[in-house]
Amino acid sequence: MTVAAGAVLLLAACVTTAGTDRPRPPTSCPRITSDYGALEGYRVSPHTGIDIGARYGAPVLAAAPGVVVFIGDRRPGNLVSEATDRQKSVAIYHGGMLTPAGDELFVSTSYDHLSRFAEGLRDGDFVRRGQHIGANGASGATGPVGFPHIHFGVRVTGTPKVYTGLSRRNPHDFWWQAGPGERAIHAFDPDQDYGDPTAIEWMPETRISGLTYPAEC
Ligand SMILES: [Zn+2]
């Protein structure tokens, strides 16, 4: 075995191990088709979010209440695509969240590869948790990834109301926790009380209780 082949095998083993202890969405949800940090053969750098394989046109949901801070074609320079769709993206700023370690981080989420936006959705709009913000598209279904999927990303900062230059984080660190120490991916349930602020009370400094799965389950 060459050194290079050995390195590839070792890398593959690391990725597999890292993937096994991650929380999984309920079986009723569209599944995660590529996880955070994944280095499948076609990727040149670790995956910056999670991909959720879902049918074309499937509703994409806001993972928590917040304000729309980006809606449009994907920022130039993020990804070269030979897409059939334009790369429609939404980003939402949610305010503060306490990590299990007790740090407060200010969290934004992004939703890429959409085929369209929810009707009337505009920059600056308040969105509720679970609100439809767009529909799954095919702009990520290029090359070896031959199916439509949502790319869901989480970015954080230590300062409120900052929407750019944020650092990427693993979405698995931010799922809504139903109980102490629980580490699971929760589907959005309209009957569940998440302790979310209402639209009228929501402010950029508000603290939210975690993220729910951004696809319909
Ligand atoms: Zn992705």
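Analyst: A nonpolar core is a set of buried Ala, Val, Leu, Ile, Met, Phe, Trp, Tyr and Cys residues joined through C-beta atoms within 7 Å, where a residue is buried if 20 or more other C-beta atoms lie within 10 Å of its own, exposed if 12 or fewer, and partly exposed in between, with C-beta atoms placed from the backbone. In this structure the largest nonpolar core has 38 residues, and those with the most contacts inside it are V60, V90, I92 and I133. Two or more residues of this core come from each of β2 (50–53), β3 (59–61), β4 (66–73), β5 (88–98), β6 (104–117), β8 (132–136) and β9 (149–157); helices (H or I, at least four residues) and strands (E, at least two) are DSSP runs, numbered from the N terminus. This is a predicted model, in which local features need pLDDT of at least 70 and side-chain atom pairs count only at pLDDT 80 or more, whereas totals for chains, interfaces and linings use all residues. Residues are numbered from 1 along each chain as its sequence is written.

User: Which residues are in contact with I133, leaving aside its neighbours within four places in sequence?

Analyst: Two residues are in contact if their C-beta atoms, placed from the backbone, lie within 7 Å. By that rule, and with neighbours within four places in sequence left aside, I133 is in contact with V60, L61, A62, V90, Y111, A118, L121 and V127. For the chain as a whole, among contacts between residues at least 6 apart in sequence, 68% join residues at least 24 apart.

User: How many helices and strands are there in the chain, and how should I read the pairing of strands?

Analyst: The chain has one helix and ten strands, and from the N terminus on the order is α-β-β-β-β-β-β-β-β-β-β. Two strands pair if DSSP finds at least two bridges between them. β4 and β5 pair in the antiparallel sense over six bridges, with V68 standing opposite I92 in β5. β5 in turn is joined to β6 by nine bridges, the two strands running antiparallel; here K88 stands opposite L114 in β6, and G96 stands opposite F106 in β6. β6 also pairs with β9 in the antiparallel sense over seven bridges, Y111 having F152 in β9 as its bridge partner, and with β8, again antiparallel, over three bridges, where the bridge partner of R116 is A135 in β8.

User: Are β5 and β6 mostly covered or mostly open?

Analyst: Both are mostly covered: nine of the eleven residues of β5 are buried, as are ten of the 14 residues of β6. Of the 217 residues of the chain, 34% count as buried.

User: What is the phi of H113, and how should I read it?

Analyst: Most residues other than glycine have a negative phi. H113 has a positive phi of about 70 degrees although it is not a glycine. H113 is found in strand β6, and this residue counts as buried because 29 C-beta neighbours lie inside 10 Å.

User: Why does P30 count as partly exposed, and what does P30 touch?

Analyst: P30 counts as partly exposed because it has 19 C-beta neighbours inside 10 Å. The place of P30 is in the loop between α1 (3–20) and β1 (32–34), and, not counting residues up to four places away in sequence, P30 touches I52, G53, A54, A58 and A215. P30 and C217 are 187 residues apart in sequence, yet 6.8 Å apart in space, C-alpha to C-alpha.

User: Where is G210 found?

Analyst: G210 is found in the segment after β10 (167–169), and it counts as buried because it has 20 C-beta neighbours inside 10 Å. Leaving aside neighbours within four places in sequence, G210 is in contact with M97, F174, W175, W176 and Q177.

User: What pLDDT does the chain average, and where is pLDDT under 50?

Analyst: pLDDT is the predictor's confidence in each residue, from 0 to 100. The chain averages a pLDDT of 82, and 82% of the residues score at least 70. Over residues 1–19 the pLDDT is below 50, and this stretch has six contacts in the model beyond near neighbours in sequence. pLDDT also stays under 50 over residues 76–85, for which the model has 13 contacts beyond four places in sequence. Among the elements of the chain, α1 has the lowest mean pLDDT (43) and β3 the highest (98). Where pLDDT is low, the predicted coordinates should not be read in detail.
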